[in-house]
Amino acid sequence: MYSGMRSLSQSMAWILVGLSLSSAGWTSSVFFTTSAPPPDLYEASVPELQAGLTSGQFTSVDLVKAYFARIEEVNLQSPKLRAVIETNPSALERAQALDFERLIYGPWSPLHGIPVLLKDNIATVAFEGMNTTAGSYSLLGSIFPDDAGVVKRLRAAGAIILGKANLSEWAHMRGILAAGWSGRGGQTTNAHYPNADPCGSSSGSGVASSIGLTAVSLGTETDSSITCPASNNNVVGIKPTLGLTSRAGVIPISEHQDTVGPLTRSVVDAAIVLSIIAGPDPNDNYTLAQPSPVPDYTLALNTSSLIGKRLGVPRTVFLNDTITGNDPYVNVIFSQALLTLQQLGATIVDPADLPSAYEIVASKNETIVADIDFKVQINDWFESLVENPFNVTSLADLIAFNDKYPALEKPTGYIDQSVLIESEATTGRNATFFEALAFDREMGGSQGIDAALKQYNLDALVLPAPGYTSTPAAIIGYPIVTVPLGFYPDNVTIGSAGPNTIYPAPGVPIGLSFLGTAWSEYSLIGFAYAYEQKTMTRLQRKAYAAAIPQTQLADVIGQ
């Protein structure tokens with residue numbers, strides 16, 4: 001692991017120097033000096049932070065202090081974004097150790113000394129002082145015996161676990177509830193308009209990255225749970241191919257769809273994180289089927305990536321406002337994006353429909369698979385715990401716990417647990433389950449994404465992120481890379497998204513998604529990077545003023 005991380009660091013030298021210096025205003029080959037202002041944490045990239053750490057401009061201890069202060073400003077105090085469930089009490093100690101190691105040995109990797117926020121379904125070792133609860137009080141104080149597989153890779157790369165992000169409870173397997181709500185964390189809200197929908201289930205991860213409460217964050221996706229928060233929060237999200245990143249130590253929904261991926265402010269940062277967390281893990285058999293070696297995804301960062309490429313638009317169903325429920329404005333800005341992609345050298349094939357499009361939308365097979373898998377796997381999770389203070393040992397116990405403690409788990413507006421009840425009623429992986437799983441594989445792959453790619457000789461598909469965009473990739477386990485596309489106009493009609501959230505709303509972001517076949521992340525990252533660098537959409541609109549933390553590195557350096 002150590003030598004591999006060194007190699008990754010060396011291969012990224014041009015990013016760490018070139019990007020960080022040019023973004024800071026340097027145009028010649030010079031070193032960072034302490035007289036240059038530290039990067040603005042609202043936008044600071046991993047290369048910029050790494051350059052400042054390496055030059056001695058600031059330390060990882062400074063970074064952790066600054067992010068803690070920024071969280072304190074907006075998380076539970078007005079505007080109460082509730083993006084973070086808890087911070088890591090060991091983070092400062094870990095930062096101090098990594099600062100010392102940097103001084104003696106230099107950085108291990110591009111993430112050496114960089115704080116990372118984890119979704120609260122990704123396990124960390126108990127002695128560090130954090131919980132892993134999927135947002136549920138039923139797991140408060142429980143202990144999973146090990147770090148999640150992706151956390152082990154982050155630690156080996158020298159990253160600092162900053163804390164746990166709020167989420168839709170049980171990654172949205174609880175019931176028909178507003179996205180971003182959990183019993184422990186409350187209602188996460190979007191930083192781009194008061195009380196706007198952050199989408200889910202990786203809600204806190206998206207919000208925290210969007211305004212610089214962390215350097216980068218990790219989320220998980222079964223269907224849309226990285227893609228949609230990336231879209232709604234003006235950040236980049238990568239939902240990897242099933243089996244590229246380990247799910248070991250992640251509170252599950254379905255082993256047939258669950259993935260772990262980054263939510264960041266730039267494609268550069270997402271590529272850095274994915275290069276580190278991807279790879280085989282003996283504790284997750286799915287990862288043992290991935291191609292070897294794991295690519296260095298930062299090498300895909302080329303503004304010419306789209307030249308000569310063919311991108312298809314699966315318009316049927318996915319761009320039908322009546323079916324998707326999208327505001328027609330989404331299609332307006334998507335049309336503008338297609339023109340930009342053409343300007344960047346791509347051929348747009350429109351339409352390039354999925355043969356299975358209507359069947360995917362009408363099918364209930366994804367629900368059948370998720371309900372059955374969840375009951376099997378969550379019961380296994382409970383059994384794996386070495387400490388379980390509330391003695392919730394089964395899905396049936398969990399449902400009973402929520403009924404027993406309504407003040408904690410069923411406050412007004414958030415009482416539903418119909419999905420848990422539906423899952424509990426299942427009877428195991430029977431013939432119906434395997435038929436549904438096979439149907440999903442066919443509809444998502446040979447009659448879905450792969451069919452369109454082959455029929456139209458395409459390199460990828462492209463769609464606006466809202467709607468059903470994520471579902472074909474979810475049911476087959478294929479990757480999606482999402483980047484900022486635009487923002488709802490100020491005169492948009494505000495809609496309701498839950499008892500305390502709204503969507504759409506003025507200034508709420510909208511994302512653009514690139515979809516491909518299995519293991520096509522390298523190409524998709526290149527396409528997304530070229531588009532991002534041409535448009536720089538993220539920089540066109542910030543969060544609302546009260547949601548922007550004011551603490552900067554200059555406020556904590558030397559304190």
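Colleague: Which residues of helix 21 are buried?

Modeller: Bearing in mind that this is a predicted model, the buried residues of helix 21 are Glu 521, Leu 524, Ile 525, Gly 526, Phe 527, Ala 528, Tyr 529, Ala 530, Tyr 531, Glu 532 and Thr 535. That is 11 of the 15 residues in helix 21, which is therefore mostly covered, given that buried stands for under 20% relative accessible area.

Colleague: How far apart are the end C-alpha atoms of helix 21?

Modeller: They are 21 Å apart, and this agrees with the 21 Å that the 15 residues, 521-535, should span at 1.5 Å a residue.

Colleague: And what is helix 21 followed by?

Modeller: Met 536 comes after helix 21, and the phi of Met 536 is positive, near 50°.

Colleague: At roughly what angle do helix 13 and helix 21 cross?

Modeller: The axes of helix 13, residues 328-343, and helix 21 cross at roughly 105° and come within 10 Å, which makes the two helices roughly perpendicular. On the helix 13 side the contact is made by Ala 337, Thr 340, Leu 341 and Gln 343, while helix 21 contributes Tyr 531, Lys 534 and Thr 535. Sorted by class, this contact has three nonpolar, three polar and one charged residues.

Colleague: Now helix 4 and helix 5: roughly parallel or antiparallel?

Modeller: Helix 4, residues 60-74, packs with helix 5, residues 91-105, at an angle of about 155°, their axes being 7 Å apart, and the two are therefore roughly antiparallel to each other.

Colleague: Which residues make that contact?

Modeller: From helix 4 they are Ser 60, Val 61, Val 64, Lys 65 and Phe 68, and from helix 5 they are Ala 91, Leu 92, Ala 95, Gln 96 and Asp 99. By class, the contact of helix 4 with helix 5 has six nonpolar, two polar and two charged residues.

Colleague: Changing topic, how many disulfides does a search of the whole structure find?

Modeller: The search finds one, formed by Cys 199 and Cys 228, whose sulfur atoms are 1.8 Å apart. The link of Cys 199 and Cys 228 is right-handed, with 95° about the S-S bond.

Colleague: What does the pair tie together?

Modeller: Cys 199 lies in the loop between strand 5 (186-187) and helix 8 (203-210), and Cys 228 lies in helix 9 (residues 227-232), so the pair ties together parts that are 29 residues apart in sequence.

Colleague: Does Cys 199 count as buried or exposed, and what about Cys 228?

Modeller: Cys 199 counts as buried, at 10% relative accessibility, and Cys 228 is buried too, with a relative accessible area of 18%.

Terms used:
Residues are numbered from 1 along each chain as its sequence is written. This is a predicted model: local features need pLDDT of at least 70, side-chain atom pairs count only at pLDDT 80 or more; totals for chains, interfaces and linings use all residues. Side-chain values use heavy atoms; hydrogens and water are left out. A disulfide is a pair of cysteine sulfur atoms within 2.5 Å. Helices (H or I, at least four residues) and strands (E, at least two) are DSSP runs, numbered from the N terminus. Buried means under 20% relative accessible area, exposed over 50%, partly exposed in between (1.4 Å probe, protein chains only). Axes are lines fitted to C-alpha atoms, for helices over the stretch in contact, and angles run from 0 to 180 degrees between N-to-C directions. Angles under 35 degrees count as roughly parallel, over 145 as roughly antiparallel, 65 to 115 as roughly perpendicular and the rest as oblique. Contact means heavy atoms within 4.5 Å. Ala, Val, Leu, Ile, Met, Phe, Trp, Tyr, Cys and Pro count as nonpolar, Asp, Glu, Lys and Arg as charged, and the others, Gly among them, as polar. The expected span of a helix is 1.5 Å times one less than its number of residues.
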